[in-house]
Amino acid sequence: MPTNFTSLANKALVQLLQNGAVGVLPTDTVYGVATSAAQHQAVQRLYALKQRQKKPGTVIAANLGQLEELGFKARYLKAVAQYWPGAVSVVIPCVDMEWLHQGVGSVAVRIPQNKELDKLLVQTGPLLTSSANTPGSPPAGTMTNAREYFGDAVDFYVDGGDLHGRKASTVIRVVDDVVEVLREGAVTIDAETGKVLT
């Protein structure tokens, strides 16, 4: 049976994630399925749960240092650091990190602007996340929705209340200084200048 939490600050939750658990938690945007991005088997389990192939999730971290330790190159991170912290996920090359990118060669990365989530990430290290839903279904807005999707297939649930009003992160890719918006989300970005408008 999955463990139920009502706060991201629970020490038992930190321990579960450090040990490679997969579960549902509130991110800075919507509910996400999350696990340690550094643990290959945990990542494979998350992708299997979401039935994802060649469609990697998003890595969230407390700071640039955590992302560098995981294996992302500093030059790519520094080039887009102006978007963080915030609800902008930037697709970054990571060719050596096959377990994360599923053969695509790049992964979306974000440093969230959320104190509770930040405190959790400081303790767990980077987490791989993917929206809490099954293929073709809308993201879970409540724990009830999340349980309908995943039941006992995950190790924990963290109830963050009703998140129906929240939008997913905006996903962008920067190629030769040109910003390409791959998914409109919580933040509006001017594609010509690359500046955040909201």
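For pockets I used a 1 Å grid over the protein atoms alone: a pocket is an open set of points where a 1.4 Å probe fits, with protein on both sides within 12 Å along at least five of seven lines, and lining residues have an atom within 4 Å of a point. The model is predicted, so local features need pLDDT of at least 70 and side-chain atom pairs 80 or more, while totals for chains, interfaces and linings use all residues. Residues are numbered from 1 along each chain as its sequence is written, and side-chain values use heavy atoms, without hydrogens and water.

**Second largest pocket.** I found Tyr76, Val90, Ser106, Arg173 and Asp177 among its lining residues. β5 (88-93) gives the most, with four residues. Strands here are DSSP E runs of at least two residues, helices H or I runs of at least four, both numbered from the N terminus.

**Largest pocket.** I noted 32 lining residues, with Arg52, Pro56, Thr58, Ser131 and Arg183 nearest the centre. Here β6 gives the most, again four residues.

**Helix α6.** After the helix comes Gly125, with a positive phi near 85°.

**His101.** I checked this residue of α5, and it is buried at 3%.

Definitions and conventions:
Buried means under 20% relative accessible area, exposed over 50%, partly exposed in between (1.4 Å probe, protein chains only).
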